[in-house]
Amino acid sequence: MYSIAYISRASEALTDYEIHEMMLSSERRNNLFGIKGMLLFKDGNFLQVLEGTQKQIQELYDKICADSRHSNIYEIFHTELRSPIFKEYNSKFNLITSSFELASLKMFFKRQKRYGAFNTSAEELEPFLGMNWLT
Ligand SMILES: Cc1cc2nc3c(=O)[nH]c(=O)nc-3n(C[C@H](O)[C@H](O)[C@H](O)COP(=O)(O)O)c2cc1C
């Protein structure tokens with residue numbers, strides 16, 4: 001398993017509707033191909049985690065990086081994973097669009113930590129989830 005996480009800035013030209021459509025089609029496509037992870041959007045910023053085989057993730061990420069709908073891509077991690085986070089979470093690609101969904105993901109991280117199942121990638125992601133995204 002392989003995973004990439006990043007934050008980026010949405011293009012100013014995008015409407016809320018276009019962002020919503022892009023997120024829904026990403027969710028649909030990823031679930032069709034068995035790519036797991038999450039996508040969150042708030043105040044013009046994206047946070048995305050992609051989890052899958054190295055080939056799948058690298059090919060998708062190359063496409064995403066070339067997408068003019070966002071810029072200022074900052075990688076949080078880009079790594080092989082021994083214990084995939086989202087496979088454990090619910091084994092699908094998640095759009096995080098409500099504070100409830102964000103809270104349940106944070107709760108999952110907390111539980112993982114308590115049981116000593118936390119991996120380094122999850123640790124690197126945690127501060128970004130703690131940002132003022134959906135409050
Ligand atoms: C912030 C952001 C995240 C994206 N995430 C995904 C994604 O998870 N899965 C996906 O298939 N496309 C995603 N896309 C869209 C891809 O960049 C690309 O437009 C899409 O995969 C269609 O590519 P194709 O028609 O050239 O194959 C994302 C785009 C942006 C701007």
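Seven bridges join strand S2 (residues 36–42) to strand S3 (residues 45–52), and the two run antiparallel. Helices (H or I, at least four residues) and strands (E, at least two) are DSSP runs, numbered from the N terminus. Within this pair, Met 38 has Val 49 of S3 as its bridge partner. The model is predicted: local features need pLDDT of at least 70, side-chain atom pairs count only at pLDDT 80 or more, and totals for chains, interfaces and linings use all residues. Residues are numbered from 1 along each chain as its sequence is written, and side-chain values use heavy atoms, with hydrogens and water left out.

S2 and S3 belong to an open sheet of five strands in the order S4-S1-S3-S2-S5, with mixed pairing; two strands pair if DSSP finds at least two bridges between them. Strand S4 (70–80) and strand S5 (93–96) are at the edges with a single partner strand each, so one side of each has no neighbour in the sheet. On average, neighbouring strands of this sheet are turned by 10° against each other, direction ignored.

Helices lie against these strands. Helix H4 (residues 99–114) lies across S2 and S5 and runs at about 125° to S5. Helix H5 (residues 120–129) packs on the sheet, where it touches strand S1 (2–10), S2, S3 and S4, and its direction makes about 150° with that of S4. Axes are lines fitted to C-alpha atoms, for helices over the stretch in contact, and angles run from 0 to 180 degrees between N-to-C directions. Contact means heavy atoms within 4.5 Å.

The largest nonpolar core has 20 residues, of which Met 38, Leu 47, Phe 86, Leu 105, Phe 109 and Leu 125 touch the most other members. Such a core is a set of buried Ala, Val, Leu, Ile, Met, Phe, Trp, Tyr and Cys residues joined through side-chain atoms within 4.5 Å; buried means under 20% relative accessible area, exposed over 50%, partly exposed in between (1.4 Å probe, protein chains only). S2, S3, S4, helix H3 (85–89), H4 and H5 each supply at least two residues of this core. Another core, of 18 residues, lies apart from it and includes Ile 4, Leu 14, Ile 19 and Leu 39.

The ligand has 14 residues around it, and Arg 29, Asn 30, Gln 48, Lys 63 and Asp 67 come nearest; a residue counts if one of its heavy atoms lies within 4 Å. A polar side-chain atom of Asn 30 is 2.7 Å from an oxygen atom of the ligand.

Notes:
A polar contact is a pair of N or O atoms within 3.5 Å; within protein, one must be able to donate a hydrogen and the other to accept it, and residues adjacent in sequence count only if both atoms are side-chain atoms.
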